[in-house]
Amino acid sequence: MAFQIRPQRPQDPEHFDSLLDRTFGTDRLNKTVYRLREGVADLADLRFVAVGPDGGLLASLRFWPIAIGTAPAILLGPLAVEPALQGRGIGRALVRHGLGEARRLGHRVCAVVGEPEYYGPYGFVNAPAVGLALPGPVDPRRFQVLELEPGALDGLSGPIGRAAPA
Ligand SMILES: CC(C)(COP(=O)(O)OP(=O)(O)OC[C@H]1O[C@@H](n2cnc3c(N)ncnc32)[C@H](O)[C@@H]1OP(=O)(O)O)[C@@H](O)C(=O)NCCC(=O)NCCS
């Protein structure tokens with residue numbers, strides 16, 4: 001189906017929580033990645049939506065700032081596509097666009113917790129294998145990281161934490 005990716009606008013309807021509840025369920029709030037987002041604002045210039053021909057919201061992607069040791073990095077997600085519209089390339093278009101914009105804005109490292117089969121094609125690699133750890137339980141297979149700039153992971157290690165307050 002036809003869709004368009006664009007930045008989220010302040011006047012967009014606030015359907016996001018309902019979309020996230022329908023895709024992830026409400027117990028998402030107990031996950032380790034939510035601990036990293038708690039009390040920290042998402043990156044306003046990395047909020048994207050997919051909209052249909054009538055302007056209706058089909059999917060959304062946001063990114064949060066995090067810290068790897070003392071180095072700034074970003075966390076991809078939540079990424080959610082309307083359940084009835086999954087598997088039609090909308091998620092892929094959003095992730096491609098979001099990572100491209102993150103790179104353009106100078107972000108250097110992006111982490112994600114998700115399916116390796118889904119994120120591998122973008123270049124994400126297993127994060128524990130390169131010495132990274134999350135501050136809570138996570139399936140180590142699903143914790144992945146991507147260099148947005150070649151060599152950006154060199155010398156980075158240690159726990160991932162919340163971004164320092166702006
Ligand atoms: C996962 C999700 C974001 C994918 O978006 P989507 O629009 O359905 O996916 P796309 O159509 O862009 O798929 C791109 C590719 O990834 C594959 N894929 C889709 N979902 C997948 C998953 N959960 N695991 C592995 N691969 C997946 C597709 O088969 C497709 O591969 P192909 O190009 O070889 O056909 C979406 O299905 C969703 O919102 N799911 C529920 C919430 C969720 O799990 N979010 C992701 C958190 S990491």
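Student: Which residues touch the most other members of the largest nonpolar core?
Tutor: This is a predicted model. Its largest nonpolar core holds 40 residues, and Ile 74, Leu 75, Cys 110 and Ala 111 touch the most other members.

Student: Which elements give two or more residues to this core?
Tutor: They are helix 2 (32-37) and helix 3, together with strand 2 (48-51), strand 3 (57-68), strand 4, strand 5 (109-113) and strand 8 (143-147).

Student: What is Ile 74 in contact with, leaving aside neighbours within four places in sequence?
Tutor: Ile 74 is in contact with Leu 43, with Phe 63, Trp 64, Pro 65 and Ile 66, and with Ala 102, His 107 and Cys 110.

Student: Let me step back to the whole chain. How many helices and strands does it have?
Tutor: The protein chain has 4 helices and 9 strands. Along the sequence they follow the pattern β-α-α-β-β-β-α-β-α-β-β-β-β.

Student: What about its dimensions, and why does the radius of gyration agree with a compact globule?
Tutor: A compact globule of 166 residues would have a radius of gyration near 15 Å, and the protein chain has 15 Å, so the two agree. The C-alpha trace spans about 45 × 35 × 30 Å along its principal axes.

Student: What share of the residues is buried?
Tutor: Of the 166 residues, 30% count as buried. As for contacts between residues at least 6 apart in sequence, 69% join residues at least 24 apart.

Student: On to the strands. Is strand 3 largely enclosed or exposed, and why?
Tutor: Strand 3 is largely enclosed by the rest of the structure, because 10 of its 12 residues are buried.

Student: What joins strand 3 to strand 2?
Tutor: The two strands run antiparallel and are joined by 4 bridges. Phe 48 stands opposite Leu 61 in strand 3. The hairpin of strand 2 and strand 3 has 5 residues between the strands, and Gly 55 takes a positive phi near 85° there.

Student: And how many bridges join strand 3 to strand 4?
Tutor: There are 9 bridges between strand 3 and strand 4, and the pair runs antiparallel. In this pairing Ile 66 stands opposite Ala 73 in strand 4. The hairpin has 2 residues between the strands, with Gly 69 at a positive phi near 60°.

Student: Where does strand 9 come in: do its bridges to strand 3 run parallel or antiparallel?
Tutor: Strand 9 (residues 158-162) runs antiparallel to strand 3, with 3 bridges between them. Ile 66 stands opposite Arg 162 in strand 9, and Ile 68 stands opposite Ile 160 in that strand.

Student: Which way does strand 7 run relative to strand 9?
Tutor: Strand 7 (residues 132-133) and strand 9 run parallel, joined by 2 bridges. The bridge partner of Leu 132 in strand 9 is Gly 158.

Student: Back to Arg 162. How many other C-beta atoms lie within 10 Å of it?
Tutor: There are 16 other C-beta atoms within 10 Å of Arg 162, so this residue counts as partly exposed. Not counting residues up to four places away in sequence, Arg 162 touches Leu 36, Val 40, Ile 66 and Ala 67. Its C-alpha atom is separated by 9.9 Å from that of Ala 73, 89 residues apart along the chain.

Student: Leu 36 is on that list. Is Leu 36 itself buried or exposed?
Tutor: Leu 36 lies in helix 2, and it counts as buried because it has 23 C-beta neighbours inside 10 Å. Leaving aside neighbours within four places in sequence, Leu 36 is in contact with Trp 64, Ile 66, Leu 75, Ile 160 and Arg 162. The C-alpha atoms of Leu 36 and Gly 136 are separated by 9.8 Å, although these residues are 100 apart along the chain.

Student: Last topic, the ligand. How many residues surround the ligand, and which are the closest?
Tutor: The ligand is surrounded by 17 residues, the closest being Gln 86, Gly 91, Arg 92, Gly 114 and Glu 115.

Terms used
Residues numbered from 1 in each chain as written. Predicted model: local features only at pLDDT ≥ 70, side-chain atom pairs only at ≥ 80, totals over all residues. Near = placed C-beta within 6 Å. Core = buried A, V, L, I, M, F, W, Y, C linked by C-beta atoms within 7 Å. Buried ≥ 20, exposed ≤ 12 C-beta atoms within 10 Å, placed from the backbone. Contact = placed C-beta atoms within 7 Å. Rg over C-alpha atoms; globule rule 2.2 N^0.38 Å. Pairing = 2+ DSSP bridges.
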